[in-house]
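Q: I have a new structure to read. Can you take me through it, one feature at a time?

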Amino acid sequence: MKIATWNVNSVKARLPTVLEVLKAIECDVVCLQELKCETDAFPYMEIEDAGWTCAVHGQKSYNGVAILSRHPLEDIETGLPGDESDEQARYIEALVMAEEPIRVGCLYLPNGNPAPGPKFDYKISWMDRLAAHAKSRLVWEEAFVLAGDYNCIPRPEDCWDPAVWIDDALTRPETLAAFQRLKNLGFTEAFEALDNRGHQYTFWDYQRGAFQKDHGIRIDHLLCSPQAADRLEAFGIYRDARALTKPSDHVPAIASFR
DNA sequence: ATGGCAACCAATGGTTGA
(Lines give C-alpha, C1' and ligand atoms only; values in the text may rest on other atoms or scores of the structure.)
Protein backbone atom coordinates (compact mmCIF):
# COMPACT_ATOMS: atom_id res chain seq x y z
CA MET A 1 0.00 0.00 0.00
CA LYS A 2 1.73 3.15 -1.25
CA ILE A 3 0.48 6.61 -0.36
CA ALA A 4 1.84 9.74 -2.02
CA THR A 5 1.38 13.43 -1.38
CA TRP A 6 1.99 15.91 -4.17
CA ASN A 7 1.31 19.61 -4.58
CA VAL A 8 0.58 19.85 -8.33
CA ASN A 9 0.35 23.66 -8.63
CA SER A 10 -2.73 23.60 -10.91
CA VAL A 11 -4.19 20.31 -12.07
CA LYS A 12 -5.57 21.79 -15.29
CA ALA A 13 -2.44 23.65 -16.40
CA ARG A 14 -0.44 20.48 -15.84
CA LEU A 15 -2.75 17.57 -16.65
CA PRO A 16 -0.35 15.65 -18.96
CA THR A 17 2.41 15.93 -16.35
CA VAL A 18 0.02 14.82 -13.61
CA LEU A 19 -1.06 11.76 -15.59
CA GLU A 20 2.55 10.88 -16.40
CA VAL A 21 3.67 11.12 -12.77
CA LEU A 22 0.64 9.20 -11.50
CA LYS A 23 1.58 6.38 -13.84
CA ALA A 24 5.25 6.46 -12.88
CA ILE A 25 4.90 6.37 -9.09
CA GLU A 26 2.53 3.37 -9.01
CA CYS A 27 0.73 4.32 -5.81
CA ASP A 28 -2.56 3.13 -4.32
CA VAL A 29 -3.45 6.57 -3.00
CA VAL A 30 -2.32 10.03 -4.09
CA CYS A 31 -3.10 13.19 -2.13
CA LEU A 32 -3.06 16.26 -4.39
CA GLN A 33 -2.86 19.90 -3.34
CA GLU A 34 -3.20 23.24 -5.10
CA LEU A 35 -5.65 22.02 -7.72
CA LYS A 36 -6.49 25.67 -8.46
CA CYS A 37 -9.89 24.71 -9.84
CA GLU A 38 -13.44 24.37 -8.64
CA THR A 39 -14.72 20.90 -7.78
CA ASP A 40 -16.86 20.71 -10.93
CA ALA A 41 -13.91 21.75 -13.11
CA PHE A 42 -11.69 18.90 -11.89
CA PRO A 43 -10.59 16.71 -14.83
CA TYR A 44 -12.54 13.70 -13.55
CA MET A 45 -12.82 12.03 -16.93
CA GLU A 46 -9.12 11.94 -17.72
CA ILE A 47 -8.10 10.83 -14.23
CA GLU A 48 -10.89 8.27 -13.82
CA ASP A 49 -10.00 6.87 -17.23
CA ALA A 50 -6.52 6.26 -15.80
CA GLY A 51 -8.09 4.07 -13.13
CA TRP A 52 -8.59 6.41 -10.19
CA THR A 53 -11.47 7.03 -7.85
CA CYS A 54 -11.46 10.74 -6.97
CA ALA A 55 -12.62 12.67 -3.92
CA VAL A 56 -12.29 16.38 -4.67
CA HIS A 57 -12.63 19.57 -2.65
CA GLY A 58 -11.95 22.42 -5.03
CA GLN A 59 -12.03 26.20 -5.06
CA LYS A 60 -11.80 28.81 -7.79
CA SER A 61 -8.24 29.94 -8.61
CA TYR A 62 -6.49 28.93 -5.39
CA ASN A 63 -6.04 26.00 -3.03
CA GLY A 64 -8.07 22.85 -3.68
CA VAL A 65 -7.28 19.31 -2.55
CA ALA A 66 -8.10 15.81 -3.76
CA ILE A 67 -7.59 12.18 -2.84
CA LEU A 68 -7.10 9.75 -5.73
CA SER A 69 -7.37 6.06 -4.97
CA ARG A 70 -7.13 2.65 -6.62
CA HIS A 71 -9.50 1.35 -3.92
CA PRO A 72 -13.03 2.50 -3.09
CA LEU A 73 -13.34 5.57 -0.87
CA GLU A 74 -15.78 5.87 2.03
CA ASP A 75 -16.52 8.48 4.71
CA ILE A 76 -15.41 11.39 2.53
CA GLU A 77 -15.26 14.60 4.53
CA THR A 78 -14.29 18.04 3.21
CA GLY A 79 -13.05 21.05 5.13
CA LEU A 80 -11.22 21.25 8.42
CA PRO A 81 -13.56 21.57 11.43
CA GLY A 82 -13.23 24.40 13.92
CA ASP A 83 -14.10 27.51 11.90
CA GLU A 84 -17.34 27.64 9.94
CA SER A 85 -16.29 30.94 8.34
CA ASP A 86 -13.17 29.42 6.72
CA GLU A 87 -13.97 28.91 3.05
CA GLN A 88 -10.49 27.94 1.84
CA ALA A 89 -10.40 24.41 0.37
CA ARG A 90 -7.41 22.97 2.20
CA TYR A 91 -8.54 19.66 3.70
CA ILE A 92 -10.20 16.44 2.54
CA GLU A 93 -10.34 13.07 4.23
CA ALA A 94 -11.47 9.60 3.21
CA LEU A 95 -11.36 6.00 4.33
CA VAL A 96 -9.45 3.98 1.73
CA MET A 97 -11.06 0.55 1.51
CA ALA A 98 -7.97 -1.52 0.78
CA GLU A 99 -7.68 -5.04 2.19
CA GLU A 100 -6.36 -3.32 5.32
CA PRO A 101 -8.23 0.02 5.30
CA ILE A 102 -6.37 3.26 5.96
CA ARG A 103 -7.97 6.62 6.69
CA VAL A 104 -6.19 9.40 4.83
CA GLY A 105 -6.31 13.14 5.44
CA CYS A 106 -5.01 15.33 2.60
CA LEU A 107 -4.01 18.85 3.60
CA TYR A 108 -2.68 22.07 2.14
CA LEU A 109 -1.46 24.08 5.08
CA PRO A 110 -1.45 27.88 4.63
CA ASN A 111 1.88 29.41 3.62
CA GLY A 112 1.59 32.18 6.23
CA ASN A 113 3.79 34.84 4.69
CA PRO A 114 4.27 37.65 5.32
CA ALA A 115 4.99 36.97 8.98
CA PRO A 116 4.01 38.36 11.34
CA GLY A 117 0.58 39.40 10.12
CA PRO A 118 -2.97 38.15 9.52
CA LYS A 119 -1.83 35.44 7.07
CA PHE A 120 0.57 34.07 9.64
CA ASP A 121 -2.12 34.17 12.34
CA TYR A 122 -4.39 32.19 9.99
CA LYS A 123 -1.63 29.63 9.46
CA ILE A 124 -1.09 29.05 13.17
CA SER A 125 -4.81 28.87 13.94
CA TRP A 126 -5.20 26.42 11.04
CA MET A 127 -2.43 24.27 12.52
CA ASP A 128 -4.19 24.33 15.89
CA ARG A 129 -7.44 23.26 14.22
CA LEU A 130 -5.59 20.48 12.41
CA ALA A 131 -4.15 19.23 15.71
CA ALA A 132 -7.60 19.30 17.37
CA HIS A 133 -9.08 17.31 14.49
CA ALA A 134 -6.16 14.88 14.46
CA LYS A 135 -6.57 14.31 18.18
CA SER A 136 -10.22 13.38 17.66
CA ARG A 137 -9.18 10.87 14.98
CA LEU A 138 -6.44 9.26 17.10
CA VAL A 139 -9.11 8.28 19.63
CA TRP A 140 -10.43 5.88 16.98
CA GLU A 141 -7.14 3.94 17.12
CA GLU A 142 -7.10 3.37 13.34
CA ALA A 143 -4.41 3.41 10.72
CA PHE A 144 -4.61 7.12 9.83
CA VAL A 145 -2.22 9.13 7.66
CA LEU A 146 -2.12 12.92 7.44
CA ALA A 147 -0.38 13.72 4.17
CA GLY A 148 0.20 17.03 2.53
CA ASP A 149 1.99 20.28 1.90
CA TYR A 150 2.64 21.44 5.47
CA ASN A 151 4.51 24.61 4.46
CA CYS A 152 6.84 23.82 7.34
CA ILE A 153 10.61 23.25 7.13
CA PRO A 154 11.11 21.14 10.27
CA ARG A 155 14.91 21.36 10.65
CA PRO A 156 17.71 23.63 9.40
CA GLU A 157 19.05 20.70 7.35
CA ASP A 158 15.74 20.47 5.51
CA CYS A 159 16.71 23.47 3.40
CA TRP A 160 19.74 24.36 1.31
CA ASP A 161 20.55 27.54 3.24
CA PRO A 162 18.87 28.17 6.60
CA ALA A 163 20.03 31.80 6.54
CA VAL A 164 17.67 32.50 3.61
CA TRP A 165 14.69 31.25 5.61
CA ILE A 166 15.20 33.08 8.90
CA ASP A 167 11.97 34.80 9.98
CA ASP A 168 10.05 33.14 7.14
CA ALA A 169 6.62 31.69 7.96
CA LEU A 170 7.96 28.22 6.99
CA THR A 171 10.62 28.21 9.71
CA ARG A 172 9.35 30.55 12.43
CA PRO A 173 9.39 29.12 15.96
CA GLU A 174 5.58 29.30 16.20
CA THR A 175 5.28 27.16 13.03
CA LEU A 176 7.83 24.59 14.18
CA ALA A 177 6.24 24.41 17.63
CA ALA A 178 2.77 23.85 16.15
CA PHE A 179 4.15 21.08 13.89
CA GLN A 180 5.85 19.49 16.90
CA ARG A 181 2.63 19.71 18.95
CA LEU A 182 0.85 17.83 16.16
CA LYS A 183 3.51 15.11 16.11
CA ASN A 184 3.49 14.92 19.91
CA LEU A 185 -0.13 13.78 19.81
CA GLY A 186 1.30 10.45 18.68
CA PHE A 187 2.18 10.76 15.00
CA THR A 188 5.27 9.32 13.37
CA GLU A 189 6.68 11.27 10.44
CA ALA A 190 7.37 8.69 7.71
CA PHE A 191 10.53 10.44 6.52
CA GLU A 192 11.92 10.73 10.04
CA ALA A 193 11.29 7.04 10.78
CA LEU A 194 12.74 5.65 7.56
CA ASP A 195 15.26 8.13 6.16
CA ASN A 196 15.97 11.24 8.22
CA ARG A 197 18.93 12.44 6.14
CA GLY A 198 19.47 16.13 5.62
CA HIS A 199 18.90 17.90 2.31
CA GLN A 200 16.18 15.62 0.96
CA TYR A 201 13.93 18.15 -0.69
CA THR A 202 10.36 18.07 -2.00
CA PHE A 203 10.20 21.63 -3.38
CA TRP A 204 12.44 23.76 -5.55
CA ASP A 205 11.46 27.29 -6.56
CA TYR A 206 10.96 28.02 -10.26
CA GLN A 207 13.29 31.01 -9.91
CA ARG A 208 17.05 31.34 -10.07
CA GLY A 209 17.68 27.83 -11.35
CA ALA A 210 16.88 26.46 -7.91
CA PHE A 211 16.46 22.84 -9.02
CA GLN A 212 19.68 22.80 -11.04
CA LYS A 213 21.56 24.10 -7.99
CA ASP A 214 19.57 21.81 -5.63
CA HIS A 215 18.39 24.84 -3.69
CA GLY A 216 15.34 23.08 -2.26
CA ILE A 217 13.29 22.68 0.89
CA ARG A 218 11.45 19.73 2.49
CA ILE A 219 7.89 20.79 3.24
CA ASP A 220 5.72 17.85 2.11
CA HIS A 221 5.22 15.34 4.90
CA LEU A 222 3.31 12.18 5.83
CA LEU A 223 2.33 11.78 9.49
CA CYS A 224 1.23 8.33 10.65
CA SER A 225 -0.95 7.29 13.57
CA PRO A 226 0.56 4.49 15.71
CA GLN A 227 -1.51 1.90 13.83
CA ALA A 228 -0.24 3.25 10.49
CA ALA A 229 3.33 3.62 11.77
CA ASP A 230 3.34 -0.06 12.71
CA ARG A 231 2.80 -0.83 9.02
CA LEU A 232 5.43 1.59 7.64
CA GLU A 233 8.06 -0.06 5.48
CA ALA A 234 9.52 2.44 3.02
CA PHE A 235 9.76 6.12 2.18
CA GLY A 236 10.83 7.89 -0.99
CA ILE A 237 10.80 11.21 -2.81
CA TYR A 238 10.07 11.11 -6.55
CA ARG A 239 12.59 13.77 -7.46
CA ASP A 240 12.43 12.97 -11.18
CA ALA A 241 9.08 14.77 -11.37
CA ARG A 242 10.86 18.11 -11.03
CA ALA A 243 12.93 17.48 -14.18
CA LEU A 244 9.93 16.97 -16.48
CA THR A 245 8.77 19.62 -18.92
CA LYS A 246 6.24 21.94 -17.30
CA PRO A 247 6.83 20.56 -13.82
CA SER A 248 5.14 21.44 -10.57
CA ASP A 249 7.54 23.11 -8.15
CA HIS A 250 6.84 20.23 -5.72
CA VAL A 251 7.49 16.50 -6.19
CA PRO A 252 5.66 13.51 -4.66
CA ALA A 253 6.68 12.21 -1.24
CA ILE A 254 5.70 8.55 -0.90
CA ALA A 255 5.29 6.20 2.06
CA SER A 256 4.77 2.43 1.72
CA PHE A 257 2.76 0.41 4.22
CA ARG A 258 2.50 -3.32 4.81
C1' DA B 1 25.52 42.56 -15.37
C1' DT B 2 24.46 40.66 -9.51
C1' DG B 3 20.02 38.81 -13.20
C1' DG B 4 16.90 34.52 -14.01
C1' DC B 5 9.32 31.69 -12.37
C1' DA B 6 4.62 30.32 -12.98
C1' DA B 7 -0.38 30.32 -12.54
C1' DC B 8 -4.51 32.82 -11.88
C1' DC B 9 -7.96 36.45 -13.23
C1' DA B 10 -8.52 40.07 -15.60
C1' DA B 11 -6.80 42.90 -18.69
C1' DT B 12 -2.19 43.99 -21.35
C1' DG B 13 -0.85 44.47 -14.91
C1' DG B 14 -1.75 42.87 -10.02
C1' DT B 15 -1.88 38.94 -6.76
C1' DT B 16 -0.26 34.75 -4.86
C1' DG B 17 2.92 31.34 -3.85
C1' DA B 18 7.44 29.60 -1.01
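Q: Which residues does Asp-28 touch, not counting residues up to four places away in sequence?
A: Begin with a caution: this is a predicted model. In it, Asp-28 touches Met-1, Lys-2, Ile-3, Ser-69, Arg-70, His-71 and Ala-98. Asp-28 itself sits in the loop between helix 1 (15-25) and strand 2 (29-33). Val-96 is 68 residues away from Asp-28 in sequence, yet 9.2 Å away in space, C-alpha to C-alpha.

Q: Is Asp-28 buried, exposed or partly exposed?
A: Count the C-beta neighbours. A residue needs 20 or more within 10 Å to be buried, and 12 or fewer to be exposed. Asp-28 has 17 inside 10 Å, so it counts as partly exposed.

Q: How many helices and strands does chain A have?
A: Chain A has 6 helices and 14 strands.

Q: What is the strand order in the open sheet of 6 strands?
A: The order is 5-6-7-8-12-9, and the pairing is mixed. Strand 5 (73-78) and strand 9 (188-189) stand at the edges; each has a single partner strand, so one side of each has no neighbour in the sheet.

Q: How do strand 6 and strand 7 run, parallel or antiparallel?
A: Strand 6 (residues 91-96) and strand 7 (residues 102-108) run antiparallel, joined by 6 bridges. For one residue in detail, take Ile-92: its bridge partner in strand 7 is Cys-106.

Q: Which residues touch the most other members in the largest nonpolar core?
A: First the general idea. In soluble globular proteins, nonpolar side chains tend to be buried together. Here the largest nonpolar core has 74 residues, and those touching the most other members are Ile-3, Leu-32, Val-65, Ala-66, Ile-67, Val-104 and Val-145. Look at Val-65: its contacts include Leu-32, Leu-35, Ala-89, Ile-92, Cys-106 and Leu-107.

Q: Which peptide bonds are cis?
A: Most residues other than glycine have a negative phi, and most peptide bonds are trans. One cis bond joins Asn-113 and Pro-114, with omega about -5 degrees. Another runs from Ala-115 to Pro-116, with omega near -5 degrees. Pro-114 is in the loop between strand 7 and helix 3 (118-138). Pro-116 is in the loop between strand 7 and helix 3 as well.

Q: Where is Asp-167?
A: Asp-167 lies in the loop between strand 8 (144-149) and helix 4 (173-184). Its phi is positive, about 70 degrees, although it is not a glycine. With 10 C-beta neighbours inside 10 Å, Asp-167 counts as exposed. Lys-246 also has a positive phi, of about 50 degrees. Lys-246 is in the loop between strand 13 (232-237) and strand 14 (253-257).

Q: How many residues surround DNA strand B?
A: There are 23, and the closest are Ser-10, Ala-13, Ser-61, Asn-111 and Tyr-206. By class, that surface has 6 nonpolar, 9 polar and 8 charged residues.

Definitions and conventions:
Residues numbered from 1 in each chain as written. Chains lettered and ligands numbered in written order. Predicted model: local features only at pLDDT ≥ 70, side-chain atom pairs only at ≥ 80, totals over all residues. Near = placed C-beta within 6 Å. Nonpolar A, V, L, I, M, F, W, Y, C, P; charged D, E, K, R; others polar. Pairing = 2+ DSSP bridges. Helix = DSSP H or I, 4+ residues; strand = E, 2+ residues; numbered from the N terminus. Contact = placed C-beta atoms within 7 Å. Core = buried A, V, L, I, M, F, W, Y, C linked by C-beta atoms within 7 Å.
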